[in-house]
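Reader: I have a structure open and a few things to ask about it. Can we go through them one at a time?
Author: Go ahead.

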Amino acid sequence: MSTFQELYERYGVLGSFRLLGDKLATRISFPQARLVRRPFYVRGKRWIQIDGGFTTGPGLRLDAFPTSSGGKVVLRIGRDVQVNDYVHIAAIESVTIGNRVLIASKVFISDHNHGSFKGEGPHESPLVPPQERVLASVPVVISDDVWIGESVAVLPGVSIGRGAIIGAMSVVTRNIPEYCIAVGSPARVVKRYNFETSAWERV
Ligand SMILES: CC(C)(COP(=O)(O)OP(=O)(O)OC[C@H]1O[C@@H](n2cnc3c(N)ncnc32)[C@H](O)[C@@H]1OP(=O)(O)O)[C@@H](O)C(=O)NCCC(=O)NCCS
């Protein structure tokens with residue numbers, strides 16, 4: 001079967017042309033990526049590092065704005081990462097996404113808040129408009145082979161261990177160990193993989 005016939009059967013005529021346009025846009029904007037579907041919104045591209053094989057659905061939004069001097073990369077996306085539709089990732093200090101991570105649709109990942117709410121300080125007053133508060137950041141790490149379900153929020157300071165799974169609609173506020181399943185808001189571990197029995201066990 002020809003490539004065009006495969007495309008036609010899977011996406012139809014309009015979908016095939018759209019895909020070809022997406023491939024061209026990817027070549028121009030993200031030469032190292034596999035496919036970044038339009039529309040995409042990327043701000044602070046020079047502070048973003050994306051390794052090969054990156055694939056996304058439409059509506060990807062990446063924001064990278066280092067607040068400290070030095071202009072270092074603040075958003076790193078590893079090899080063969082797959083991101084579905086309308087995902088927003090925002091970094092001002094450090095967001096690291098490992099290799100082969102799968103991120104479902106409508107996921108939000110950020111390393112910062114508008115203000116710091118842990119202790120005293122003039123910028124913590126609710127009388128300061130949110131846009132004028134000093135940004136407070138803590139790095140986020142999403143390790144290799146993590147799967148993040150639909151509509152999840154990963155908040156500042158969180159590390160998610162290798163091979164972990166985050167259930168749909170969860171809000172991740174604390175670290176999640178490797179090879180665990182965590183669900184809910186706030187996300188809590190409900191299962192852990194036992195490598196001796198090769199089975200997921202309830203926690
Ligand atoms: C996390 C997930 C993989 C767990 O699957 P599972 O291990 O078969 O889960 P179980 O049905 O055994 O559930 C274990 C417990 O967690 C709860 N739970 C499962 N997923 C949950 C979720 N997303 N939010 C809240 N609780 C959840 C179950 O109700 C159950 O609770 P109980 O012990 O009180 O009955 C699955 O529920 C999920 O959320 N998948 C994401 C799907 C998705 O986003 N797909 C996008 C494609 S990229």
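Reader: How do the residues of the shell around the ligand divide by class?
Author: This is a predicted model. In it, the shell around the ligand has five nonpolar, four polar and three charged residues.

Reader: Which residues are they?
Author: Around the ligand sit Asn84, Ala104, Trp147, Gly149, Glu150, Gly167, Ala168, Ile181, Val183, Gly184, Lys191 and Arg202.

Reader: What does Arg202 do there, in terms of distance to an oxygen atom of the ligand?
Author: A polar side-chain atom of Arg202 is 2.5 Å from a ligand oxygen. Glu150 also has an atom by a ligand oxygen, a backbone N or O at 2.7 Å.

Reader: And the nitrogen side? Which residue has a polar backbone atom 2.8 Å from a nitrogen atom of the ligand?
Author: That is Ala168, through its backbone.

Reader: How much of the ligand's accessible area does the protein cover?
Author: The ligand on its own has 930 Å² of accessible area, and the protein covers 51% of that.

Reader: Switching to pockets. What volume does the largest pocket have?
Author: About 280 Å³.

Reader: What lines the largest pocket?
Author: Its lining has 13 residues, and those nearest the centre are Asn113, Phe117, Lys118, Val138 and Pro156. By class, the lining of this pocket comes to five nonpolar, six polar and two charged residues.

Reader: Last topic, domains. Where are the bounds?
Author: Domain 1 covers 1-31 and domain 2 covers 37-202. Their centres, taken over C-alpha atoms, are 29 Å apart.

Reader: How many residues does each domain give to the contact?
Author: Domain 1 gives eight residues and domain 2 gives seven.

Technical notes: Residues are numbered from 1 along each chain as its sequence is written. This is a predicted model: local features need pLDDT of at least 70, side-chain atom pairs count only at pLDDT 80 or more; totals for chains, interfaces and linings use all residues. Side-chain values use heavy atoms; hydrogens and water are left out. A residue is near a molecule or strand if one of its heavy atoms lies within 4 Å of it. A polar contact is a pair of N or O atoms within 3.5 Å; within protein, one must be able to donate a hydrogen and the other to accept it, and residues adjacent in sequence count only if both atoms are side-chain atoms. Accessible areas come from the Shrake-Rupley method with a 1.4 Å probe; for residues, only the protein chains shown count as cover. Ala, Val, Leu, Ile, Met, Phe, Trp, Tyr, Cys and Pro count as nonpolar, Asp, Glu, Lys and Arg as charged, and the others, Gly among them, as polar. On a 1 Å grid over the protein atoms alone, a cavity is a set of points where a 1.4 Å probe fits but cannot get out, and a pocket is an open set with protein on both sides within 12 Å along at least five of seven lines; lining residues have an atom within 4 Å of a point. Grid points are joined across faces, edges and corners, and a volume is the space filled by probe spheres set on the points. Domain bounds come from an automatic or database domain assignment. Contact means heavy atoms within 4.5 Å.
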